Amino acid sequence: MKRAYYSNDISQFLVDSPSSVLGILSTAHEFNLEEQQRNAWIKQIEILQTSLQGIPGKVYFEYSIPRVGKRVDLIVISGNALFSIEFKVGSSQFDSYAADQAMDYALDLKNFHEGSHQIDIFPVLVATEATHTEALPSRFDDGVWSLTKTNSQNLSIELQTLKKNAKGPEIDLLKWEVSGYKPTPTIVEAAKALYSGHQVEEISRSDAGATNLSITSAALKKTIDESISQKKKTICLVTGVPGAGKTLVGLDLATSWNNPAANQHAVLLSGNGPLVEILQEALAKDEANRSKASSPVKLSAARAKAKSFIQNIHHFRDEGLRTDAPPPEKVVIFDEAQRAWNKTQTTKFMKTKKGVADFDHSEPEYLIKLMDRHADWAVIICLVGGGQEINTGEAGISEWLDAIHNKFPHWQVCLPSTTSSADIPNIEKFVQAFSSRHHVDKNLHLTASVRSFRSERVSDFMSALLDKDIAKAKALYSEIKEKYPIKLTRSLEEAKLWLKEKSRGNERYGILASSGAGRLKAHGLDVKSRIEPVNWFLNDKKDVRSSFFMEDVATEFHVQGLELDWTCVAWDIDFILSLKKETKFRSFAGTKWNNIKSSTDQSYLKNKYRVLLTRARQGLVLFVPKGDPHDGTRPPGDYEELFSYLQYILND
């Protein structure tokens, strides 16, 4: 795929007529060309044909960044330097949003474009009418330089000056151009890109060592085609390590197969309320913003459309109670299927909240029953996250398989061939029970994390840390620490400062804590205080409700299935790991801590911390309070015990 609208050697670009360059840009443009965009290109061409005099290399206009569905105004490669340039034509000031955008593009190239991993990248913001330049070049450890802010008159001087600071060998232009782009988008970025028409191949990694998301998507689409042609009903299980992109697979399938005009209806369902709300709002706002360039769509209409694409699983369930008709969707994708409710929890809820006294199904059984209403074919896809059950009544994936085995013998089953009892308990029993009506597919298991793009071993390290496999944890930390920093501190203010210093551009950060962290309130972190997940995850640095302000703390219930670039995990003494003593599992009620004795509840608490510790894409800081000898609910010894364990793991 040609990633730039226009590219050429600088020497040729300087002699090309502005009208011919504009013509190529206009032809490549995907929407009706507005006068404002046309005028901006004319001005950029004019400025560059003056500013690039005497600079050898190559120029790329409108270079695609599919991870976020955007394009960089200009990339200039000269010698051993790459300049990522963002223009604000007609502007006399350097707006903070524009500065963050310019830095974001440079970071995207550095992190996800193979040809840019080892080269120096200089982000540049050009406010054409600004009266001054702000340039104090400094180089970060990864080779991305601090942002240079300049105007049209000084652009040439700044490029020449910055070029002298570049380190490393000359960039091989041909090699750079054909280098792979292997992004790892956040789930919000991925949803917006897929929803706007990008393919999963454009926004997902394709490492030889990892099962490519596009391969998994293709396997599922093949299953759908076979179910249609053979008029059969099928349930597929997709497993993978934490952060492997299971939800991304679901989003790809829901967008690519959902075509109302062809009577194709697919929906992604999740019981994760915050995730659903955040994705619905992000998709709606993104569509409304994108539509301004062609045919404006009202935000209310965009919200209604987004809600047909991703829904809360409970709304889908409740709609089935109102009618005996089959759902309009014949393909449903259940995200975090292991969190569906067991029979006891579902029956209790339906009786007390919905007034249905005779309800007698687990949630998986009832949801399969709804899809079984289709006369000919239907497909259910369960996205399974092993070790992520965090709440009472969550059934685990075996509840789905039990229902299929006991109540729906005519349904076919597709299982991943590479899995374990951690993903699907008693998998061997089910394989034997399903006999001839199942098949296995290695492409239904995702083997590598795409959340922590700086290191695939982060989830392995966190598991070893929580399991108190000390030798393994220390060995894994030595592998990841250079690319994935983890800081341990007793000071909340130091933790906040660390997040601010690490974050660049629009990289998002925030504070997380267990919902059972009852005594963090002494530090201003009240886990019982209600937050609005949409505001916390989507709003910008100027909004006090956003994660950036670090005034509101999000719990495992708010962040499961989502991620931030940098996190602070505030660790209370509800879960105490120790070098010499048994792990302590506790809950805070009233004025004291109570021991948790149930092995199931202990497992839930451990999984809560597993979720919290795997939300950061680039690094995290662990804050362990010091306690207070005058407060019986915050004994310093307990905090010291936990701190000592973490310190031993994180220190060489």
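## Parallel strands around β12

Strands β12 and β13 (residues 438-441) run parallel to each other and are joined by four bridges, where strands are DSSP runs (E) of at least two residues, helices are runs (H or I) of at least four, both are numbered from the N terminus, and two strands pair if DSSP finds at least two bridges between them. The model is a predicted one, in which local features need pLDDT of at least 70 and side-chain atom pairs count only at pLDDT 80 or more, whereas totals for chains, interfaces and linings use all residues. Residues are numbered from 1 along each chain as its sequence is written, and side-chain values use heavy atoms, with hydrogens and water left out.

Within this pairing, Cys 414 stands opposite His 439 of β13. Strand β7 (residues 233-240) is also joined to β12, in the parallel sense, by three bridges, and here Thr 234 faces Gln 412 of β12. Because four of the five residues of β12 (residues 412-416) are buried, the strand is largely enclosed by the rest of the structure; buried means under 20% relative accessible area, exposed means over 50%, and partly exposed lies in between, with a 1.4 Å probe and protein chains only.

## Cysteines

The structure contains zero disulfides, a disulfide being a pair of cysteine sulfur atoms within 2.5 Å. Cys 236 is in no disulfide, and the nearest cysteine sulfur to it, that of Cys 414, is 3.6 Å away. With a relative accessibility of 1%, Cys 236 counts as buried. Cys 382 is likewise in no disulfide, the nearest cysteine sulfur being that of Cys 236 at 8.9 Å, and Cys 382 counts as buried at 0% relative accessibility.

## The antiparallel sheet and its aromatic cluster

Three strands in the order β19-β20-β21 make up an open sheet with antiparallel pairing. The edges are taken by β19 (575-576) and β21 (592-595), each of which has a single partner strand, so one side of each is left without a neighbour in the sheet. Four bridges connect β20 and β21, which run antiparallel, and Trp 593 in β21 is the bridge partner of Phe 588.

A search of the whole structure finds 22 aromatic pairs, in which rings of Phe, Tyr and Trp (its six-membered ring) have centres within 6.5 Å, with planes under 30 degrees apart counted as stacked, over 60 as edge-to-face and the rest as tilted. The rings of Trp 571 and Phe 575 are stacked, because their planes lie at 5 degrees with the centres 6.3 Å apart. Trp 571 and Phe 575 are both buried, and together with Phe 585 and Tyr 609 they form one aromatic cluster.

## Salt bridges and charges over rings

Side chains of opposite charge can pair when their charged atoms come close. Over the whole structure, 37 salt bridges are found, each defined as a side-chain nitrogen of Lys or Arg within 4 Å of a carboxyl oxygen of Asp or Glu. In one of them, Arg 586 meets Asp 638 with the closest N and O atoms 2.9 Å apart. Arg 586 belongs to strand β20 (residues 584-589) and Asp 638 to helix α24 (residues 636-650), so the pair ties together parts that are 52 residues apart in sequence. Both Arg 586 and Asp 638 are buried, and they take part in a salt-bridge network that also links Lys 581, Lys 584 and Glu 641.

Lys 343 and Asp 360 form another salt bridge, with 3.0 Å between the closest N and O atoms. This pair links distant parts of the chain, 17 residues apart, since Lys 343 is in helix α14 (residues 343-353) and Asp 360 is in the loop between α14 and α15 (363-371). Lys 343 counts as partly exposed at 39% relative accessibility, and Asp 360 counts as partly exposed at 44%. Charges also sit over rings, a relation that requires NZ of Lys or CZ of Arg within 6 Å of the ring centre and within 35 degrees of the ring normal: Lys 474 lies over the face of Tyr 648 at 4.5 Å from the ring centre, and the charged end of Arg 490 sits over the ring of Phe 643, 4.3 Å from its centre.

In helix α12 (residues 299-309), Ala 302, Ala 306 and Phe 309 are buried. Viewed down the axis of α12, the buried residues fall within an arc of 50 degrees, so they line one face of the helix, the arc being that of the directions from the helix axis to the C-beta atoms. On the other side of α12, Ser 300 and Ala 304 are exposed.
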